[in-house]
Every structure is written in C-alpha cells, then in structure tokens.
Amino acid sequence: MDNKIVEEFTNMSSKLLKSYTTLNQIDEVDIASTPKTAVYNEDKLTLYRYDRDSDATFKTPVLIVYALVNTYKMLDLQPDRSYIKNLINAGMDVYLIDWGFPGKSDRYLSMDDYVNGYINNCVDFIRKKHRLESINILSICQGGTLSVIYSSLYPSKVKNLVTHVTPIDFSTNDGLLFRWSKDMDFDLLVDGNHGLIPGNFLNDGFDMLKPMMKVQKQQALTNVLDDKDKLLNFLRMEKWISESPDQAGECFRQFMKDLYQKNKLVKGELEVGGKKVNLKNLTSPLLNIFATEDHLVPPAATKPLNDLVGSTDKELYSFKGGHIGVFVGSKSQKELAPAVADWLKKRDK
C-alpha cells in the first residue's frame with residue numbers, strides 16, 4: 001500500500017511539473033481566428049463577411065444570427081472545431097452578426113430594435129450587396145427565436161431558414177430554466193439592475209442548471225494539464241464563456257415575460273414593434289435542428305415549430321448531443337455542418 005501511495009505521489013508530482021512547463025509555453029489563447037471583414041456597422045453591432053480564397057459555389061449567401069447571450073465565437077472556437085469554417089469550406093458565402101457588448105446607453109433596446117431594426121437592416125444590406133430578393137438565415141438558440149419572428153414578419157426576404165437548438169414552445173417544463181423562468185419577477189430583475197442584465201449573472205444561472213459542472217471542469221482540467229493541445233481546447237472554451245455580454249434590459253424583459261412566461265409566440269399573441277407575429281406567415285423552407293441531450297433548450301421546446309409554421313418544405317433534424325456539442329463536438333464537424341450544407345445546396349436555385 002505504501003509503495004502504491006509513493007508511486008501515485010511521484011506520478012502526480014511529475015504531472016504537475018510537466019503542466020508548469022506546458023502553461024509556460026502558452027502565450028495567448030486564440031478563438032474565432034477564421035479571417036473575416038467588417039462590412040456594416042450600426043451602434044454596437046458589426047456585420048462580418050468571412051473571407052474566401054475562391055468564389056462561393058452557393059448562389060445565395062447565408063446570414064448567421066447568434067443569440068444575444070454569450071458570443072458567436074463558439075461557432076469558430078478553433079480551426080479544427082469551427083462550424084463557420086466548415087460552412088465556408090462547403091462553398092457558402094457567410095455573413096455573421098456580432099451583437100457586440102451593450103452598455104448603459106443600450107438599456108432601452110427592445111425586441112423591435114433587434115428584429116425590425118438590426119436584423120432587417122443586415123438582411124437588406126446583404127440583399128442589396130448581392131442584388132437578391134431573399135437570402136438564407138442560419139440561426140442559433142435565442143437568435144433562432146428572433147429569426148423565426150423575423151421570418152414571420154418578412155417572409156419574402158428569407159429564402160431558407162435553418163434553426164439550431166431554438167426555443168419556440170415555452171410551455172414545456174422540461175429543463176430547470178423553463179421551470180424557474182415561469183415564477184421569476186423579471187421587472188424587478190431588470191429594474192434592479194438599472195436596465196442592464198449582467199452577463200456574469202446569466203452565466204451563474206446557467207451553472208446552477210448543472211451544479212456538478214464545475215466539479216467536472218476541475219477534474220477535466222487536472223487530466224489535461226500536461227497536454228498542451230487538450231489544455232488549449234479547455235482554455236478556449238473557458239475564454240468563450242468568460243466573454244459574456246450584458247443584456248439590454250427591455251429586450252430581455254419582453255423576451256422572458258412574453259415568451260418564457262406567457263408563450264405568446266405559439267399562441268399567436270406576440271407583438272414586436274406593433275406588428276402581430278403569425279407563424280403561419282413563415283413559408284420559407286425550414287430545417288429545424290434540435291439536440292437530444294440539450295439541458296438548456298429541451299427538444300420539447302424546439303420540435304413544435306414545424307407544426308406551427310406555414311412552410312410546406314420543412315424538416316426536423318435530431319442531433320445526438322448537447323446544446324454546445326451541436327457546434328464544437330467532433331461529431332458535429334463530420335455530421336451536422338455537411339448535412340446543413342447539403343440541405344441548403346438542394347434549395348439553392
């Protein structure tokens with residue numbers, strides 16, 4: 001027994017010594033390294049167009065609409081785990097909205113500003129640039145909800161819509177986030193934070209949904225300390241999580257109250273900028289992707305979209321994995337990005 005303890009202590013000491021060397025070799029943790037060019041700016045928003053070495057083989061460009069929570073950089077975490085790079089390599093002309101980091105002056109931004117303002121302005125910019133009546137929209141999580149609303153209000157501007165892990169039917173009690181949200185006082189939360197919801201507050205809430213996650217992270221870090229490549233993978237994900245923008249209070253208030261608490265989108269009662277949102281007006285081809293093990297947006301919140309829209313060409317895609325694994329997992333690189341590219345290519349006429 002004593003010899004075993006000595007051996008374990010020796011191995012641990014050796015590993016710690018090697019980890020010290022490994023950490024000293026890391027100067028900077030880079031994420032979102034795929035080259036891109038800013039083509040449009042409005043307030044804190046930047047619209048990027050990703051650089052290509054050759055002409056796109058797709059006729060129709062795609063606009064990526066990410067969630068307001070966290071940043072788009074998870075889609076381009078590292079060169080060998082980049083959903084965006086896979087889309088580019090498939091031949092797409094890819095644009096992306098970077099929402100930036102809202103400050104105190106942005107506290108009154110509403111869903112109207114994001115949908116009828118920012119998203120619509122970016123779509124119009126791309127339409128004018130390419131001389132097209134409509135473009136493709138590829139959306140993620142909350143960005144998918146906003147894109148569904150947009151596509152219902154402006155159906156003639158959306159050629160094809162792809163949604164990923166997108167909450168639509170908020171009546172479900174699957175997942176703690178949906179249960180907790182139904183009883184929270186969001187007016188008190190927004191007003192008590194002077195109209196700006198801190199990004200760290202939201203991250204703490206997400207951590208509470210999986211309380212053992214921090215322990216698992218610590219164990220994972222211990223296991224990769226002496227492996228530079230694996231350690232960089234871990235640090236890239238942590239860097240993305242740490243870059244969490246604050247949320248404009250008025251948009252957050254309406255999103256949580258009208259959708260999470262009152263489920264107005266599904267009921268046909270949602271109004272954005274004085275315009276009633278009718279999901280039956282969404283008639284573009286739809287690819288609706290959900291993750292089977294998603295603890296943030298359970299399948300029950302995503303799957304009903306296909307029955308609610310007016311589209312005749314619609315597909316429900318089941319991805320075996322979690323909310324983040326959809327984009328950064330090794331399976332995603334081999335399966336999901338090619339499947340999305342193939343789906344869009346068949347409708348690129």
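# Strands, helices and salt bridges in a predicted model

Strand S3 (residues 62-65) pairs with strand S6 in the parallel sense, over 4 bridges. One of the points where the two strands meet is Val 62, whose bridge partner in S6 is Val 94. Please keep in mind as you look around that this is a predicted model.

## Strand S6 and its partners

S6 also pairs with strand S2 (residues 45-50), in this case in the antiparallel sense and again over 4 bridges. Here Thr 46 has Asp 98 of S6 as its bridge partner. S6 itself spans residues 94-98 and is mostly covered, with 5 of its 5 residues buried.

How do the residues of S6 point? Val 94, Leu 96 and Asp 98 face one way, while Tyr 95 and Ile 97 face the other, and all of them are buried. In a regular strand, side chains alternate between the two faces of the sheet.

## Asn 120 and the residues around it

Next, have a look at helix H3 (residues 111-130), where you will find Asn 120. Is Asn 120 buried or exposed? Asn 120 has a relative accessibility of 9%, which is under the 20% cut-off, so this residue counts as buried. Its side chain makes a polar contact of 2.8 Å with the side chain of Tyr 150. Beyond its neighbours within four places in sequence, Asn 120 is in contact with Val 115, Tyr 150, Tyr 154 and Lys 157.

Lys 157 is buried, with a relative accessible area of 12%, while Asp 124 is partly exposed at 26%.

## Salt bridges

How many salt bridges are there? The count comes to 13. Side chains of opposite charge can pair when their charged atoms come close.

| Lys or Arg | Asp or Glu | Closest N and O atoms |
|---|---|---|
| Arg 253, 14% | Asp 191, 46% | 2.9 Å |
| Lys 264, 19% | Asp 258, 12% | 3.5 Å |

The salt bridge between Arg 253 and Asp 191 has its closest N and O atoms 2.9 Å apart. This pair links distant parts of the chain, with Arg 253 in helix H10 (residues 249-261) and Asp 191 in helix H6 (residues 186-192), 62 residues apart. Arg 253 is buried, but Asp 191 counts as partly exposed. Both belong to a network of salt bridges that links Asp 187, Asp 191, Glu 250, Arg 253 and Lys 257.

In the pair formed by Lys 264 and Asp 258, Lys 264 is buried and so is Asp 258.

## Helix H10

H10 is largely enclosed by the rest of the structure, because 10 of its 13 residues are buried. Just after the helix, Asn 263 takes a positive phi of about 55°.

If you are wondering about cysteines, the structure holds 0 disulfides. Cys 251 counts as buried at 1% relative accessibility, and Cys 122 is buried with a relative accessible area of 0%.

## Gln 333 in helix H15

A last stop is Gln 333, in helix H15 (residues 330-334). With a relative accessibility of 14%, Gln 333 counts as buried. What does Gln 333 touch, not counting residues up to four places away in sequence? The list runs through Asp 80, Arg 81, Ser 82, Tyr 83 and Asn 86, and also has Phe 327, Val 328 and Pro 338. Tyr 83 and Gln 333 are 250 residues apart along the chain, yet their C-alpha atoms are separated by 6.8 Å.

Note on methods: Residues are numbered from 1 along each chain as its sequence is written. This is a predicted model: local features need pLDDT of at least 70, side-chain atom pairs count only at pLDDT 80 or more; totals for chains, interfaces and linings use all residues. Side-chain values use heavy atoms; hydrogens and water are left out. Buried means under 20% relative accessible area, exposed over 50%, partly exposed in between (1.4 Å probe, protein chains only). A polar contact is a pair of N or O atoms within 3.5 Å; within protein, one must be able to donate a hydrogen and the other to accept it, and residues adjacent in sequence count only if both atoms are side-chain atoms. Contact means heavy atoms within 4.5 Å. A salt bridge is a side-chain nitrogen of Lys or Arg within 4 Å of a carboxyl oxygen of Asp or Glu. Two strands pair if DSSP finds at least two bridges between them. A disulfide is a pair of cysteine sulfur atoms within 2.5 Å.
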